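Trainee: I have just opened this entry. Could you walk me through how its parts pack together?

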Amino acid sequence: PADLDRLQRDLCEHLARQSAHVDVLVRTTGQDPGLVLTALTGLELRGLVRRQPGMIFEMHHENVGGEH
């Protein structure tokens, strides 16, 4: 979606390639863990990503590219 902020877009780009633990996402983005978790929560609430056990995040493919 066009209204995502830069961090959310970066997270979606990474998660579109592979699921990742939150620590990997923090290292990949170079952002503060709190900011990354806030961005991921926003993406979860929009139905774009899912949190798996162990703080692993993945794209929620049913909603990728479509409106909800």
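**Helix packing and the core**

Mentor: In this predicted model, the axes of helix α2 (residues 22-29) and helix α3 (residues 33-45) come within 10 Å and cross at roughly 115 degrees. That angle makes α2 roughly perpendicular to α3.

Trainee: What is the handedness of the crossing of α2 and α3?

Mentor: The crossing of these two helices is right-handed.

Trainee: Which residues make the contact?

Mentor: Helix α2 contributes V22, L25, V26 and T29, while α3 contributes P33, V36, L37 and L40. By type, the residues of this contact comprise 7 nonpolar, 1 polar and no charged.

Trainee: Turning to the largest nonpolar core, which residues touch the most other members?

Mentor: That core has 17 residues, and those touching the most other members are L11, L15, L25, V36, L40, L43 and F57. Two or more residues come from each of α1 (6-17), α2, α3 and β3 (56-59).

Trainee: What does L40 touch, not counting residues up to four places away in sequence?

Mentor: With those set aside, L40 touches L11, L15, V22, L25, V49 and F57.

Trainee: Now a new topic: where is H14 found?

Mentor: H14 lies in helix α1.

Trainee: Is H14 buried or exposed?

Mentor: H14 has a relative accessible area of 9%. Because buried means under 20%, H14 counts as buried.

Trainee: Which residues is H14 in contact with, leaving aside neighbours within four places in sequence?

Mentor: Apart from such neighbours, H14 is in contact with A20, V24, L25 and T28.

Note on methods. Residues numbered from 1 in each chain as written. Predicted model: local features only at pLDDT ≥ 70, side-chain atom pairs only at ≥ 80, totals over all residues. Heavy atoms only, no water. Axes fitted to C-alpha atoms, helices over the stretch in contact; angles between N-to-C directions. Helix = DSSP H or I, 4+ residues; strand = E, 2+ residues; numbered from the N terminus. Parallel < 35°, antiparallel > 145°, perpendicular 65-115°, else oblique. Left-handed = near helix turned anticlockwise from the far one by under 90°. Contact = heavy atoms within 4.5 Å. Nonpolar A, V, L, I, M, F, W, Y, C, P; charged D, E, K, R; others polar. Core = buried A, V, L, I, M, F, W, Y, C linked by side-chain atoms within 4.5 Å. Buried < 20%, exposed > 50% of the residue type's maximum accessible area, 1.4 Å probe, protein only.
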